[in-house]
Amino acid sequence: MASQFLLPPNPFTKSTTAKLFFTGDDSTLKRKSKHATRVSNGFSLRANAALRSNHSSSVEIPSQWYNIVADLSVKPPPPLHPKTFEPIKPEDLSHLFPNEIIKQEATLERFIDIPEEVLEIYKLWRPTPLIRAKRLEKLLQTPARIYFKYEGGSPAGSHKPNSAVPQAYYNAKEGVKNLVTETGAGQWGSSLAFASSLFGLNCEVWQVANSYHQKPYRRLMMQTWGAKVHPSPSDLTEAGRRILQVDPSSPGSLGISISEAVEVAARNEDTKYCLGSVLNHVLLHQTVIGEECIKQMEAFGETPDVIIGCTGGGSNFAGLSFPYIREKLKGKINPVIRAVEPSACPSLTRGVYAYDFGDTAGLTPLMKMHTLGHDFIPDPIHSGGLRYHGMAPLISHVYEQGFMEAISVPQTECFQGAIQFARTEGIIPAPEPTHAIAATIREALRCKETGEAKVILMAMCGHGHFDLSSYDKFLRGELVDLSFSEERIRESLSKVPHVV
């Protein structure tokens with residue numbers, strides 16, 4: 001019997017950028033290029049079924065990332081040194097990041113070329129499909145046309161490798177041997193473990209304790225790709241030990257995990273830190289999503305009226321929305337751009353816009369962002385990737401400038417939408433994008449009431465194959481909506497640094 005395993009192409013071979021062709025009549029997904037990239041049978045079948053449409057189109061993998069800062073007339077406030085409160089200097093970040101990442105974090109250039117080595121690896125799963133959710137439309141009996149950009153076909157099952165691969169590449173290029181990071185649900189940790197394995201780097205991950213125990217198969221994915229994984233808070237760092245002294249059963253948070261990883265990177269010269277969201281360079285890398293999607297929507301002859309994505313730290317949302325905001329700033333389109341966050345961790349809708357630490361221990365630079373306070377530990381909702389106390393500074397700035405809006409949704413409504421989506425479109429979504437699904441269903445039902453045939457574009461950032469315990473709780477009727485007290489927020493916000 002022939003083996004089903006396919007070896008990935010050498011990521012350092014030169015090739016022509018691949019084009020993906022699909023038509024409504026074809027029963028196969030065809031890729032035409034001088035150097036064809038093979039994909040797994042499972043991905044081909046999913047993409048074939050999803051891409052059937054009355055339209056035909058082709059799209060190339062973008063050759064550049066887009067930097068929205070270049071097009072903002074009001075630039076975002078700079079990050080500040082945690083001790084001096086002065087604007088951060090490149091050398092202040094050199095113990096954490098490689099030089100190229102530091103440059104990308106502060107650049108004002110509009111476009112950044114994607115290295116050929118990174119493009120070669122992107123070809124393992126990109127371009128990703130844009131899918132019209134016709135069966136969901138039929139279920140909802142809505143005149144709206146719903147499209148979703150699906151990032152679940154990557155090796156790690158989400159959008160996170162879009163940034164993990166370039167971060168690992170730049171570190172390897174500068175001779176770094178060890179990478180450390182945090183992860184919530186495990187999608188980012190899985191992605192960095194995958195990317196590290198391709199470049200021969202050691203990878204160590206601090207996973208939020210609640211998710212570490214909820215999602216054992218994410219941990220096993222990381223370990224399969226060679227990573228060491230610790231539940232956070234841990235007794236391996238000073239930051240973790242301080243938390244455990246106060247609360248030995250702490251569920252952890254992304255802020256705590258960041259503190260642990262940053263502490264380890266800062267004390268080891270051969271080690272650098274990688275972040276899966278929040279910072280400018282991460283959002284930059286993710287814009288391959290939106291750049292592809294613009295061309296795909298044009299090929300369908302559609303212009304989105306509403307763009308919806310979930311937000312935790314903001315990488316997935318920025319990846320889809322920032323290229324569209326560029327077109328909005330040019331006056332070419334005018335969609336409503338809507339961020340959706342969990343009701344139990346609503347940094348945009350309930351937080352304050354202020355300078356705050358990106359981690360719990362106060363080791364990171366101070367960033368101007370919407371925050372619930374760096375001490376805020378969200379309840380252990382099932383969307384582990386959205387349990388972060390703050391929002392990406394760039395998204396916070398764009399929100400303050402009025403280019404987007406935000407809502408929060410409780411998790412039971414999210415899982416109700418996820419079941420509807422899975423039973424019509426066939427894809428079981430990760431808990432994080434269920435927030436976008438719930439908001440999309442709300443919008444589609446409004447269209448049903450008004451008769452408007454709006455075009456709704458949704459970010460579907462990953463599958464939920466390793467999150468089935470969450471679905472089990474929902475289907476058993478055991479999943480409940482979690483919230484927080486105003487007192488908890490007030491207490492946490494009282495510890496936000498006062499920056500004049």
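This is a predicted model: local features need pLDDT of at least 70, side-chain atom pairs count only at pLDDT 80 or more; totals for chains, interfaces and linings use all residues.
A helix here is a DSSP run of H or I, at least four residues long, and helices are numbered from the N terminus.

Is T440 buried or exposed? Its relative accessibility is 1%, and the cut-off for buried is under 20%, so T440 counts as buried. What does T440 touch, leaving aside neighbours within four places in sequence? The contacts are I146, I308, I456 and M458.

One of the bridge pairs is R145 with V455 in β17. Strand β7 also pairs with strand β6, residues 130-132, this time in the antiparallel sense and over 3 bridges. There, I131 has F148 of β7 as its bridge partner.

T424 is in helix α16, residues 411-425. With a relative accessibility of 14%, T424 also counts as buried. A polar atom of the T424 side chain lies 3.2 Å from the backbone oxygen of F421. Not counting residues up to four places away in sequence, T424 touches R135, L136 and L139.

Now helix α12, residues 288-300. From first C-alpha to last, the 13 residues of α12 reach 19 Å, close to the 18 Å expected at 1.5 Å a residue. How many of the residues of α12 are buried? The count is 10 of the 13, so the rest of the structure largely encloses this helix. Among the buried ones are E291, E292, C293 and Q296, and the list also includes M297 and F300. After α12 comes G301, with a positive phi near 75°.

The last topic is aromatic rings. Searching the whole structure gives 11 aromatic pairs. In one of them, Y66 and F111 have ring centres 5.7 Å apart and planes at 45°, so the pair is tilted. Where do the two residues sit? Y66 is in strand β4, residues 64-66, and F111 is in strand β5, residues 111-113. They are 45 residues apart, and the pair links distant parts of the chain. Y66 is buried, at 1% relative accessible area, while F111 is partly exposed, at 32%.

A second pair is F97 with Y273: their ring centres are 6.0 Å apart and the planes stand at 45°, so this pair is tilted. F97 belongs to the loop between β4 and α2, and Y273 to strand β11, residues 271-273, so the pair ties together parts 176 residues apart in sequence. Both F97 and Y273 are buried. Elsewhere, ring pairs link Y122, W125, F194 and W225 into a cluster.

Charges also sit over rings. Coming back to Y66, R326 lies over the face of this ring, at 4.5 Å from the ring centre. In another case, R219 lies over the face of Y212, at 5.0 Å from the ring centre.

That is the end of my part.

Key:
Residues are numbered from 1 along each chain as its sequence is written. Side-chain values use heavy atoms; hydrogens and water are left out. Two strands pair if DSSP finds at least two bridges between them. Rings of Phe, Tyr and Trp (its six-membered ring) pair if their centres lie within 6.5 Å; planes under 30 degrees apart count as stacked, over 60 as edge-to-face and the rest as tilted. Buried means under 20% relative accessible area, exposed over 50%, partly exposed in between (1.4 Å probe, protein chains only). A charge sits over a ring if NZ of Lys or CZ of Arg is within 6 Å of the ring centre and within 35 degrees of the ring normal. Contact means heavy atoms within 4.5 Å. A polar contact is a pair of N or O atoms within 3.5 Å; within protein, one must be able to donate a hydrogen and the other to accept it, and residues adjacent in sequence count only if both atoms are side-chain atoms. The expected span of a helix is 1.5 Å times one less than its number of residues.
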